Amino acid sequence: MTLATEPDAAAATPVAGPHIIKLAILAVGGQGGGVLSDWIVQAAEQSGYAVQTTSVPGVAQRTGATIYSIEMTPRTERLPVLALMPSPGDVDIVVAAELMEAGRAVMRGLVTPERTTLIASTHRMLAVSEKIVAGNGIADGEAVLATVRSAARRFVGFDMDRIAAEAGTMISASLFGALAGCGALPFERAAFENAIRKGGRGVEASLAAFARAYDRARHADAADAAAEAPASPERRAPSGPQALVARWQALAARAAAFPPAVCDMTMRGLEKVVDFQDLAYGEEYLDRLDAVLRVDGETGGAARDWALSMAAAKHVANAMAYDDVIRVADRKTRAARFARIAREVEAPADAVVQLTEYMHPRGAEVCSMLPAELGRAIEARPRLFALLDRVVNRGRRVRSDSLVWFTVLFGLAGLRRWRRRLLRHQREVAHVDEWLAGALATARRNYPLAVEIVLCRRLIKGYSDTHERGLSKFDRVLGAVPLLVAREDGADWLRRLREAALKDEAGSALDGALRTVHSFAGDGAALAAEEKAD
Amino acid sequence: MAERSFAKEVEKLRLGDGETFHGEGILAITKALLQCGVGYVGGYQGAPISHLMDVLADAQDILAELGVRYEANASEAAAAAMLAASVHYPIRGAVAFKSTVGTNVASDALANLASGGVTGGALVIVGEDYGEGSSIMQERSHAFAMKSQIWLLDPRPNLPSIVKAVEDGFALSEATNTPVMLEVRIRACHLYGAFETKANRRPPLTVREALDNPRRQTDRIVLPPAAFAHEQEKIATRWPAAQAFIKEHGLNEVFGPSAGRVGIILQGGMYNSVVRALQRLGLADLHGDTQVPLYVLNVTYPLVDDEIAAFCQDKDAVLVVEEGQPNYIEQAIGAMLHAGGGTTRVFGKTMLPMAGEYTGQVMLEGVGRFLRAHDPEMLAPEHRAPNRPRGPQPAPELAEIVPQRPPGFCTGCPERPIFAAMKLVEKEHGKRQVAADIGCHLFSILPPFEIGGTTMGYGLGPASNAAFHGGGGKRPISIIGDGGFWHNGLASSVGNAVYNEADGVILIVDNYYSAATGGQDVLSSRAENRSKSTNHPIADAVRGVGVKWVRQIDRTYDVGRMRDTLAEALTTPEKGPKVIVAASECMLNRQRREKPLMAAALKDGKRVVKPRFGVDEDVCTGDHACMRLSGCPSLSVKTLDDPLRDDPVAAIDQSCVGCGNCGEVADAAVLCPSFYRADVIRNPTRLERAMTRLRQRATRALAGWRQRRRLTFAGDAVA
């Protein structure tokens, strides 16, 4: 996406200013901000400018936010007096090597609508705080983009990281290209390119990224943005044996008859469960959705955009395609996987790629893979179960590209045929049915709450401990349903509980939220507590 | 071998008379030292001085040609102690370190040095790590100069002024028999600029030559009764000599008109910021020609009374621009003028903030406030009475969205798995009292690890847990890096823990370098260093001082082993300190070392294995448990184009170096099977190629067999 705003034609001319061009670079440690500032110095000196640059590297260099400051002015007999750091409201050009760093530049007041050209790569490099959230902790990039665009006199933004990666170099090269291309500095293109050449390392790749970013910045206009919008992929019919495809088409036709709002999600869900097990399983999925649709229709779902069915189409599919050993083995032995990985790790055609998987099965997983009666029998004998755990509970590094281990995984994936008889499956099915029945029963009393119950399925994810923690959170959140079912704001509270559960791993936010719910709804008496909580 | 090589740049140190040097402040200082005929140099690394030490290390040949001795000192105290060579011998010496932390460590030696005084010029270059980007507590070096009576230079931050300050410093030191401190702020150290060079000078007396003619002078040694005489001498002789020298040689500078109702007295280091404020107020031009008189203190201690009196004469008010607190200079000037019966009013911290960095905005506001109050006619109307608050409009909505980005462990850092293991131990054995030291391991204090409660000084991690070392239900843990260990930790932290039978766990992080300061070698470094003796194992040293329970882990990425060893240390009945040496090479330096070798091997057609990690996105469920045990920059999350999936899934980008942490953590913490390691083998052997072909044929046949018996959806179609 290329975004450029030009309030007036004059903006395209170089900054004249009071003889000093003030430039700040905001980068993240390791992005090559130092290289970029060296290049700018070179280009400026070649163009007859006196230039001064400083930075504060130190430990901030280690993956932290870093600022480089550059000031330049046409060289004369006398030395200029230049500042050592950028000041709010007094910067002509800001180069931000990442979207949130552009936001930080605006927050620090370095970008002003009267004079600052903001050149920013719009890609994201997530901060640790965004990554460790159990749910979705990614900051709202669109909001930042909108703000920074309006904060600058001129904004030149596109994904410069991708341009650099495609050219096999660092983002410093594409940032430099954008800086040159947007014309904010009164130097010839050759001066910029010579600076890169003088640097001497990885020159060709840097020049390639420079050139692409140069052109993008030069011709930055709205047309570009449209060209880059990802085309939404059309849902293609699956391939396979004719008989199966025919049966698929029958199922697809059944899904297509669902209310239009639910149709697309149902198709995706159907694909997921059929891929997980088989066509019969797809039928079970549609049967469940039929039941949901029926209740949904009876409880006024048509007027509510079929919210209940919509949520069910998504979460029933996810619940039915649970993450068991068979599924993992299946995903890891698909025909397309090896080629995909070779592409992702950028292995050249003549290279050999070896794959190591990190598996850590425990007794519990193995037990759940056994026929239900056998599994239950072992679970019922603690000493036997402990023995089993002792035998299998160990990290296993598995070379999935080797014939032996591939065959083992392939065999495990083949258990799919008998999956319905296995302990894990029976448990999952029982769980789905109980959860869904609860939601449908609730729908008749409190429709929005029923939708929220379905959405709570999101809490169950992961493997082993993580999965158990998710299940326990799910149970605890749904445990509050009886307290909420008679309340108009019940759905709201259940949503809050779910969001709290996603906040931290230990579940302390959930504990707090549950205490609040109990305080006002626990014995139906503490009305005051409710108002306080609000 | 340091993180940054100056091998190319140091050639600039050879520039001769009348040539122009272009480069960083740090390199300019080194060049200035050589121009001054310095006889020996030393110091200890730490921002912003690290690069100076790296420059010196890379310049060893040039130094040797000139007969200059270079020593990488064990600590700042050791560096300051080295200046002892200038006590009896007329040899110029210079040492450099980070301040104020380094000055704290050095202050014992500095005080002794200052008491007896020096014969040869002794220069202490302190890199003032204050303000934005600083990694230490915020204090001033000024107090050290005052308490020991060491003269303090604070030159204007441009290369010619800094170079001149080095020359002036040596001369001042020799003229007054007093060591001189040269304060360079962090930005000045990394300042890129130019100056005209002079030819290097061989020291008139080299340390080698001095050895042949040993000297001593009993009255220069700090021992009563000489020590009492030293104090008198400082006041009666050295101080006035310094003031006379400063005045005579014009070390301080006056700019602007001689007349005026107001003036500004400023530290030299503040000059550019003050001029920028004046430029923005329309009172100075590009070259610093100012309408407001400026008295620039390139020497901030001692102050020259009559220069100040002369500057303040006929002025209604002066503004003292002095960064940091307490406001020693402002107080001194106020007292001086008051005692002299002057009527000039002195303003400083009433116009500018008492604490904190004097940024451009702070300076603009402070200088503007002062001028509006005391000489408003100077200002153009828009500055005299601004209609709207100055400065850009804040963007409050951003503050809520834009995440903080504190520094953290680098991609592939060997310390990450150590703290992942500690997290796992915490889950199993409960939270512990954890004391940290100084170094990269401090990043463990921040999310996602949030381990470590205090940091008391270099090499003092275990020592700072001493109060908890008397035993109790839950054994405490202290962490120390290899840098801190050799700086001070072996004696203060480990040795004394043995002596006091400390019941605690000491985790020594050995990453083969003093990594946080830029990858300088230390005693235990594994590299062969051409001028230093390395490869002295920490475990040997620890055993040598009497530790009985020592475990060496040579691959920190083995999270399971790390976790089990920690658990054992926490539970073993063994008495005395339990020491774990967790060793793996700093990844930043390892990459720097290996990348060129790998590229060369590839070019020569040799077999090269490059590991990288990946995530099967359809196996990852998006609970991000792995992130909470990692924080690696290359391990991130991405949102899938699939409406069935609410949460973004893990993704590993191209910057992955294949350290193994992801897989190890997934295994040790029993997280999930979505990680895989892909070893890309370039120029494989013929056998490997043949085996791979066979394997691929077989596995493809199997996968194909199944694919023909089921439905394949778009995402899984073979391209």
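This is a predicted model: local features need pLDDT of at least 70, side-chain atom pairs count only at pLDDT 80 or more; totals for chains, interfaces and linings use all residues.
Glu501(B) is exposed, with a relative accessible area of 62% (exposed means over 50%, buried under 20% and partly exposed in between, using a 1.4 Å probe and protein chains only). Residues are numbered from 1 along each chain as its sequence is written, with chains lettered from A and ligands numbered from 1 in the order in which they are written.

- Most residues other than glycine have a negative phi, and most peptide bonds are trans.
- You'll find Glu501(B) in the loop between helix H19 (482-499) and strand E17 (505-510) of chain B (helices, H or I with at least four residues, and strands, E with at least two, are DSSP runs numbered from the N terminus).
- Over in chain A, Glu346(A) has a positive phi too, near 55°, and sits in the loop between helix H15 (337-344) and strand E8 (352-359).
- Glu346(A) is partly exposed, with a relative accessible area of 48%.
- Ser99(B) and Thr100(B) are joined by a cis peptide bond with omega about 10°, and Thr100(B) belongs to the loop between strand E4 (93-99) and helix H6 (101-116) of chain B.
- Another cis bond links Pro447(B) to Pro448(B), with omega about 5°; Pro448(B) is in the loop between strand E15 (434-435) and strand E16 (477-481) of chain B.

**Domains of chain B**

- Chain B is split into domain 1 (9-248), domain 2 (253-384), domain 3 (415-589) and domain 4 (604-716), with bounds that come from an automatic or database domain assignment.
- The centres of domain 1 and domain 3 of chain B, taken over C-alpha atoms, are 34 Å apart.
- Their contact takes 13 residues from domain 1 and ten residues from domain 3 of chain B (contact means heavy atoms within 4.5 Å).
- Gln60(B), in helix H3 (residues 60-65) of chain B, counts as buried at 17% relative accessibility.
- Skipping neighbours within four places in sequence, Gln60(B) touches Tyr70(B), Arg530(B), Ser531(B) and Lys532(B).

**Nonpolar cores**

- The largest nonpolar core has 93 residues, and the members touching the most others are Leu33(B), Val41(B), Leu123(B), Ile125(B), Val166(B) and Ile265(B) (a core is a set of buried Ala, Val, Leu, Ile, Met, Phe, Trp, Tyr and Cys residues joined through side-chain atoms within 4.5 Å).
- At least three residues of this core come from each of domain 1 and domain 2 of chain B.
- Beyond its neighbours within four places in sequence, Ile265(B) has several contacts, including Tyr295(B), Leu297(B), Phe311(B) and Ile333(B).
- There's a second, separate core of 69 residues, with Met267(A), Val273(A), Leu478(A) and Leu484(A) among them.

**A helix pair in chain A**

- Helix H20 (residues 423-445) and helix H21 (residues 447-455) of chain A pack at about 165°, their axes 6 Å apart (axes are lines fitted to C-alpha atoms over the stretch in contact, and angles run from 0 to 180 degrees between N-to-C directions).
- That makes H20(A) roughly antiparallel to H21(A) (under 35 degrees is roughly parallel, over 145 roughly antiparallel, 65 to 115 roughly perpendicular and the rest oblique).
- Residues of H20(A) including Trp435(A) and Arg445(A) meet a set in H21(A) including Tyr447(A) and Val454(A).

Note on methods:
Side-chain values use heavy atoms; hydrogens and water are left out.
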